[in-house]
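Work through the exercises below with the model open beside you, and try each task before you read its solution.

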Amino acid sequence: MLRTEELGYWYQDKEQPLFQQVNLEFEVGQSYAILGHSGSGKTTFLSLIAGLDKPREGAIFLNDRPLTEIGLTHYRRHEVSIVFQAYNLFTYMSPLNNLLTAMAITGASHAGDQDYARQILRALGIADELMTRNVQHLSGGQQQRVAIARTMCCDAKLVVADEPTGNLDEDNTQAVIAQFQRIAHDQQKCVILVTHEPDVAAQCDQQYRLENKQFVRLAE
Ligand SMILES: Nc1ncnc2c1ncn2[C@@H]1O[C@H](COP(=O)(O)OP(=O)(O)OP(=O)(O)O)[C@@H](O)[C@H]1O
């Protein structure tokens with residue numbers, strides 16, 4: 001579904017590329033973890049496949065169409081869903097309104113369907129009384145679950161997550177990873193997440209380590 005071809009990136013003020021000649025394929029129905037030491041370029045890679053930045057070299061294809069042809073604005077709005085470590089929810093809204101707004105903005109097939117949004121929040125353990133409260137009253141783990149619920153109610157087949165469990169305790173980490181696995185397997189989406197935690201990576205279907213400017217597939 002998503003393919004990189006001879007992908008390379010460096011920041012203008014850096015002499016060395018962070019990665020170069022990267023040829024990878026990501027499929028729906030699978031979850032992928034990307035590991036690598038701090039500063040190796042994991043977040044940068046994620047920002048390229050999320051359409052937040054453009055490659056210096058090579059190209060990214062969604063279903064064989066280059067992102068440059070799809071257009072980054074359309075791609076970001078309709079084709080990819082992003083989960084950040086810092087949740088990035090609308091802080092002045094309730095969980096329910098966060099989902100409804102995301103569905104409206106992206107033109108999701110369930111746009112406007114409150115029951116559907118409630119059902120997804122419930123499945124992620126957000127109790128009915130929390131759904132209409134301001135999200136700032138929720139714990140970090142609950143907010144991250146709302147961010148994941150938002151991904152689930154949108155139609156984008158590609159879900160990218162940057163350190164989604166970085167702020168969470170063990171229980172919430174497990175709940176979040178289990179949910180990403182459901183997104184990949186039950187919703188048949190492609191989940192790509194960056195993590196520092198080998199235990200988290202081990203629960204994904206495939207793992208890569210970014211080292212020496214290349215993504216090395218780790219044995220299962
Ligand atoms: N906007 C920028 N301009 C210049 N250099 C940057 C910029 N963003 C990141 N870098 C540098 O690029 C390198 C890779 O950063 P990146 O955030 O992609 O790494 P990472 O592997 O995600 O790191 P971490 O695990 O610590 O989050 C780092 O050396 C960082 O300092």
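**Exercise 1: a strand and its partners**

Strand β3 (residues 31-35) is joined by four bridges to strand β9 (residues 206-211), and the two run parallel. The model is a predicted one, in which local features need pLDDT of at least 70, side-chain atom pairs count only at pLDDT 80 or more, and totals for chains, interfaces and linings use all residues. Residues are numbered from 1 along each chain as its sequence is written.

Task: find which residue of β9 is the bridge partner of Leu35, and decide whether the faces of β3 are covered or open.

Solution. Strands are DSSP runs of E with at least two residues, helices are runs of H or I with at least four, and both are numbered from the N terminus; two strands pair if DSSP finds at least two bridges between them. In β9, the partner of Leu35 is Arg209. Next, strand β8 (residues 190-194) is also parallel to β3 and joined to it by four bridges, with Leu193 as the partner of Ala33. Finally, both faces are covered, since Ser31, Ala33 and Leu35 on one side and Tyr32 and Ile34 on the other are all buried (20 or more other C-beta atoms, placed from the backbone, within 10 Å of the residue's own).

**Exercise 2: two helices**

Task: describe how helix α4 (residues 95-106) packs against α7.

Solution. Their axes, lines fitted to C-alpha atoms over the stretch in contact, lie 9 Å apart at an angle of about 30°. The helices are therefore roughly parallel, a label for angles under 35 degrees.

Methods:
Buried ≥ 20, exposed ≤ 12 C-beta atoms within 10 Å, placed from the backbone. Axes fitted to C-alpha atoms, helices over the stretch in contact; angles between N-to-C directions. Parallel < 35°, antiparallel > 145°, perpendicular 65-115°, else oblique.
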